[in-house]
Amino acid sequence: MKRVSKHVLAVAFILAGLNHFIDPGFYLPLIPPYFPFPDAINMVSGVLEVLFGIMIWVPKLQRYGAYGLVGLMIAFVPAHVYHIQMDGCVSKALCAPLWVSWVRLVVLQPLLIAWIWWHRE
């Protein structure tokens with residue numbers, strides 16, 4: 001079970017990271033306007049998601065990959081807060097009921113962090 005979970009986790013982050021380059025227009029509206037250089041933030045986030053996702057597969061690097069992904073999930077909290085501040089709608093493509101934004105921040109983000117943490121060894 002844990003082995004399958006590890007592969008799903010790694011693939012999910014690798015694909016999400018690649019998507020930062022395939023569809024940057026999806027991620028850019030999520031970056032709060034008070035952050036400088038949104039294009040650079042998007043690219044660095046994508047590279048780190050791919051890198052840490054790959055590291056999850058490498059036993060000697062798995063712990064560091066997990067720590068990196070947890071750090072990224074914490075770094076993404078301002079984007080979730082911004083989504084809430086914008087009443088769940090930061091662009092035409094990324095609109096959700098406000099309660100969904102809250103669930104993403106308060107429930108899904110901690111669960112995702114716990115899932116990653118489970119794979120630190």
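Where does Phe37 lie? Phe37 is in the loop between α2 and α3. Keep in mind that this is a predicted model. The backbone at Phe37 has a phi near 55 degrees, a positive value in a residue other than glycine. Phe37 also counts as exposed, at 64% relative accessibility.

Now for the start of the chain. Helix α1 covers residues 2-22, which makes 21 residues, and it reaches 30 Å from its first C-alpha to its last, close to the 30 Å expected at 1.5 Å a residue. Its buried residues are Ser5, Lys6, Leu9, Ala10, Phe13, Ile14, Gly17 and His20. Looking down the axis of α1, you'd find these buried residues within an arc of 160 degrees, so they line one face of the helix. Turned away from the buried side of α1 is a face with the exposed residues Val4, Leu15 and Ile22. And what covers the buried residues of α1? The cover includes α2 (24-27), α3 (38-57), α4 (62-75) and α6 (98-118).

One of those buried residues, His20, is worth a stop. With a relative accessible area of 6%, His20 falls under the 20% cut-off, so it counts as buried. Its side chain makes a polar contact of 2.6 Å with the side chain of Asn42, and another of 2.6 Å with that of Glu49. Setting aside neighbours within four places in sequence, His20 is in contact with Tyr27, Asn42, Ser45, Gly46 and Glu49.

Which residues make up the largest nonpolar core? There are 12 of them: Leu9, Ala10, Phe13, Phe52, Met55, Ile56, Ala66, Leu69, Val70, Leu72, Met73 and Ile116. At least two residues come from each of α1, α3 and α4, with α4 giving the most, 5 residues. A second, separate core has 5 residues, including Leu30, Ala79, Tyr82 and Val90.

Technical notes: Residues are numbered from 1 along each chain as its sequence is written. This is a predicted model: local features need pLDDT of at least 70, side-chain atom pairs count only at pLDDT 80 or more; totals for chains, interfaces and linings use all residues. Side-chain values use heavy atoms; hydrogens and water are left out. Helices (H or I, at least four residues) and strands (E, at least two) are DSSP runs, numbered from the N terminus. The expected span of a helix is 1.5 Å times one less than its number of residues. Buried means under 20% relative accessible area, exposed over 50%, partly exposed in between (1.4 Å probe, protein chains only). The arc is that of the directions from the helix axis to the C-beta atoms. Contact means heavy atoms within 4.5 Å. A polar contact is a pair of N or O atoms within 3.5 Å; within protein, one must be able to donate a hydrogen and the other to accept it, and residues adjacent in sequence count only if both atoms are side-chain atoms. A nonpolar core is a set of buried Ala, Val, Leu, Ile, Met, Phe, Trp, Tyr and Cys residues joined through side-chain atoms within 4.5 Å.
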